[in-house]
Protein chains: 2
Amino acid sequence: MFLIFPLRAVPIMYSGLNILLFFLCIISTLSPTLNHEFHPLDSLTPSELNQVKTIVNETIYSSSSSSSSQSLSFHYVGLNEPDKPVVLSWLSSDKNFTKIPPRQAFVLARIDHKNHELIVDLDASSVISNKVHDGHGYPLLTSDEQTAANNLPFTYAPFIASIEKRGLKLGEVVCQSFTIGWFGEEKTTRVVRVMCYYLDGTVNLYMRPIEGITVTVDLDEMKIVGFRDRVIVPVPKAEGTDYRQGMQKPPMNSPTKEKGPSFALEGHIVRWADWKFHLDFDMRVGPIISLASVYDLEKDEYRSVLYRGFISELFVPYMDLTEDWYYRTFFDSGEYGFGLCAAPLLPSKDCPENATYLDGYFISQDGTPGKLPKIFCIFERNAGDILWRHTETAIPGKVFTEVRPEVSLVVRMVSTVGNYDYIVDWEFRQTGTITVNIGLTGLLEVRGSPYTYKDQIHEEVYGTLLAENTLGAYHDHFLNFHLDLDVDGYANSFVKSKLQTTNVINKRSPRRSYWTVITETAKTESDAKIHLGTSAADLLVLNPNKKTKMGNYAGYRLLPRSVVNTLLSGDDYPEFRAGFTKYNVWVTPYNKSEKWAGGTYVDQSRGDDNLAVWSLRNREIENKDIVLWYTLGLHHVPCQEDFPVMPTISSGFELRPANFFEHNPVVQV
Amino acid sequence: MFLIFPLRAVPIMYSGLNILLFFLCIISTLSPTLNHEFHPLDSLTPSELNQVKTIVNETIYSSSSSSSSQSLSFHYVGLNEPDKPVVLSWLSSDKNFTKIPPRQAFVLARIDHKNHELIVDLDASSVISNKVHDGHGYPLLTSDEQTAANNLPFTYAPFIASIEKRGLKLGEVVCQSFTIGWFGEEKTTRVVRVMCYYLDGTVNLYMRPIEGITVTVDLDEMKIVGFRDRVIVPVPKAEGTDYRQGMQKPPMNSPTKEKGPSFALEGHIVRWADWKFHLDFDMRVGPIISLASVYDLEKDEYRSVLYRGFISELFVPYMDLTEDWYYRTFFDSGEYGFGLCAAPLLPSKDCPENATYLDGYFISQDGTPGKLPKIFCIFERNAGDILWRHTETAIPGKVFTEVRPEVSLVVRMVSTVGNYDYIVDWEFRQTGTITVNIGLTGLLEVRGSPYTYKDQIHEEVYGTLLAENTLGAYHDHFLNFHLDLDVDGYANSFVKSKLQTTNVINKRSPRRSYWTVITETAKTESDAKIHLGTSAADLLVLNPNKKTKMGNYAGYRLLPRSVVNTLLSGDDYPEFRAGFTKYNVWVTPYNKSEKWAGGTYVDQSRGDDNLAVWSLRNREIENKDIVLWYTLGLHHVPCQEDFPVMPTISSGFELRPANFFEHNPVVQV
């Protein structure tokens, strides 16, 4: 007989003896009436849980006429917390003179195959409510019953025959219990479907489903009530599925792998983990990431991702129509120089201890070069995040956890354009993902006003009263990113992969709907102008000339973190000038002169030479060297917390590989 | 004369002499033809920038007929990078035998008050292109001209009189140059508006605007061409605006402040920085955060934020209609127990070195309690982020930077529901913000299939071919959060603050549009059912009985990180059962029995007892004890990178104070 833990509910539980010993040790410290600081919302302690068991058992078996035949199983026990007013009043009272709110348990139990809801009062040691649920549905599955159900097929002859017919070894099969939902059946019984998987050379059972066999188990009777062997489907191979550290092939002799965790800087080339890119400074746009490519262990080569990426323009319109405010529709890059405004970074404060700092150079009005010291920092980020993990408990005799903590590399610049401080992070991840994060902090632009209290205001003031005489004006930030992706080569296509609801007709399934993926390749620029936020879609840049071994096109996805659209009307002057805000995404063919989405001469520009105008030519973009332009936005309704200095608010986006690699590139990490 | 740095463009530049010395030192290492590893995308070096200056000067002054009267200013110089094919071909060539791509500069200059675009070839030491831009607009402002413009008012008698008239000290005034945009004027000149601010007791000039004075400066002529003193408006007071460390009042004697950076755990109460909350475990929902409250330094008291918050249900529908797949519409919490599936955390891998671990307890089928060891970790997160910062260069004789690195406290649990591993982070920030982050990793659910290459597939397979015989099924994850917010007390209202475009009529402003904020208070449950993603709106829970000193209602904002809606049709069975996915946001009055959005008996439920049904009663929710329910979703189209184990993908949301505090609570940090 197999000892199989249930797959979908796997408490890592100590043996009964240990639990008892454990309780004896802690009972004196955890009992709420003793020296443990009691709180009315504390979950039930082990001793309280034991009390619940005892009280329920005694009640059920003593009250029953046919006590010995009663079946009882516990499906959920939790604190039946006191009503909120009771909790709040007790917390604000003098604890020495106030009675502790009642300790009660809420229990979902199956008693004689019926759903019971019990409330157990621990102080009174009694069940104070016992309701039978006559309605539909069943409580949580228990671990024990899942284990029992998963074991049934192994003693069921037709199942054994089906496994043999497939040439599989029964000893390498593991099963799990799947809830079956509800699809309009008039009558239901408490059944699950048991699905089985094959190990034989891997621990990654989930990648080796044994399809075609339907096993239905009645949990109350704990027996197989349905069995069908419908069709034989190949079980996917074990090779390449085992994710445990010890099972990885030694990584090939990659130069980057040998350098250890920290990065290398040669000239302007940064190498870190699997990444290689060129980093440089421009007085207009700030950091430019060029030729970012990622090492593919399997192919033993660097593969291109991003030829050139930078913030091409920023647009900051204020929403105040008063005399000296209406015109405040700043273009921080084309008017003031986003790079020129780079702030020298404060070591150990702007960037962590492990950061390296770089300088930049600009030209001053008379042509003399000037140095901008410490305007970039580069550091490994250890944020406590998890790169990937899994705990496996479904394999007899094995419980293991594999976890890889995440480390990434961040390139940071801060541009202080007058009052606002923009924090720009280009983050390179081991997975092949590039994450761009924009933080906004610094000082608001405020307008002086006679008001000292909100109720005095009876006119439109275009902002929030932040402090006496101080109105924080409503405004937006739009950052346009020039992303010249070269996904595994320069000839790429832009594909919108729509997730589309399909209604099920002709009763071909008990389901009535599902969604599927409809891909549309943009032929010309107008196909690629996209308003996000109205429909579910993946946005992909694919290389139509490069396929994986499975036949999928090598691609990268754009994943905006949030979607913010312009609220200016289409005929407004600032909107002409910031035409790039009309859509969230644009795609153009590569053209060296089209760098800055707001145009070259932005100060007092009229919107006659910018991204919106260039793309009117509606050039062909399929299987061409293309540039993706993404506009990230933030609406800012100031609040008092933004005074006198703003806590950082942030937004960003990701460029994430999608069928670019043959498999997860960080299995080997 | 004042030495005033321009505000919006502030390079931190060394003096001319230092620059020269500096260049002499580095010229031998940075010259591209010497031992520096050259790259065709390297920005121009200081020596190259000097060459540009020399070449442009020589060309302009030698070629000009009236050389001495020519004016020349540099507004932008950047690398004129070689064409992409040239770069790519050079990079893949043998560097020893291939000519280095040409080094060229792209220059935007004003020559005799005209916009010029020059291309300077550094190898040929000549200007190879000099185009006059006859179109609209002007190049970037230089720092020098901004400084000059900002100084003009101080020698302009009417301005001095205006300052005196307001009783302000001229020596405490600082000014900055604002670009003026374009609002349909036929003819433009190169002008800026100079706006002035008042110091006198603060460095936070931006909080002390001097309103009512309009100064227009012509940058080419460098003189004031317009001046108006329209109206006198109070200058906001200096008090409370200075954000420098040394200027903060010593923090009051707060017990939490004394404990230093790490957290304290007493019973189930966690105290950290300004936060205090109760943390406990439930076998159904996992972590429950209760009674989270934040210490208000100014009020010297803890103020309530969240009475109870937890994941109330998870819904994971697969989009595969085949025989043993159509029913896979799992409710991970109500069917399997999200807490019951908690994985023991691996120290130093699942959580950083500085983490503390806690155990949880569940009840097994026969009522025996079991221990789930190390299912929570609590740690201080130092991710390298910036809490707030500012670099100030506008004040004569002062340049300073104030930066506060961010530290937050994370409570983490991982629930491994069979194949999927959910990482749940509740992050408490010093700003009063609670960030919830959900990571998804582990193993996909895949279907075996006969296919080994995509082109073989001529039927609907409901997924991506990830590996031979392995289809990764399309699916969704929806997590519903029960958020019983008690913003500064239990009686709260739910307010939708819409950002609404207004068209400007009757030419009351040169602008044609702007947006303003329209607030709507939800009276009943139906008012609060919200589909996000169609319009810009802030979602707020306000306390209508508590106002700030400024008269704003104390509130918290819900900020979803991304918006994902259900794609199942409204008449589909799983959609009845997971009614909470119909809207992104719901609000109900507090009712102790309404905890789990999918209902109590979820296995084979019929959707007759869940959030969607409860809220049909359309109860009153204004100025009541209310619960906010937020449904977070992810659509998952698997890709090969998800095989054999998935890199973590994540989503989340924030609860952020909005006029809850009188001012930024972390100025004192």
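I looked up Asp332(A) and found it buried, at 2% relative accessible area (buried is under 20%, exposed over 50%, partly exposed in between; 1.4 Å probe, protein chains only). This is a predicted model, where local features need pLDDT of at least 70, side-chain atom pairs count only at pLDDT 80 or more, and totals for chains, interfaces and linings use all residues. Residues are numbered from 1 along each chain as its sequence is written, chains are lettered from A in the order written, and side-chain values use heavy atoms, without hydrogens and water.

I checked the UniProt record: its unreviewed entry puts "active site" at Asp332(A) and Tyr420(A), though such annotations may be inferred rather than shown by experiment. They spread over 89 residues of sequence yet cluster in space, with a largest C-alpha distance of 10.1 Å.

Asp332(A) sits in helix α7, residues 332-336 (helices are DSSP runs of H or I, at least four residues; strands are runs of E, at least two). Tyr420(A) is in strand β20, residues 420-429, and is buried too, at 2%. I noted a polar contact (N or O atoms within 3.5 Å, one able to donate a hydrogen and the other to accept it) between the side chains of Tyr420(A) and His475(A), at 2.5 Å.

Next I looked at β13(A), residues 301-317: 14 of its 17 residues are buried. β13(A) runs antiparallel to β25(A), residues 475-485, over eight bridges (pairing needs at least two DSSP bridges). Phe310(A) stands opposite His482(A) there. Seven bridges join β13(A) to β12(A), also antiparallel, with Leu306(A) partnering Ala292(A).
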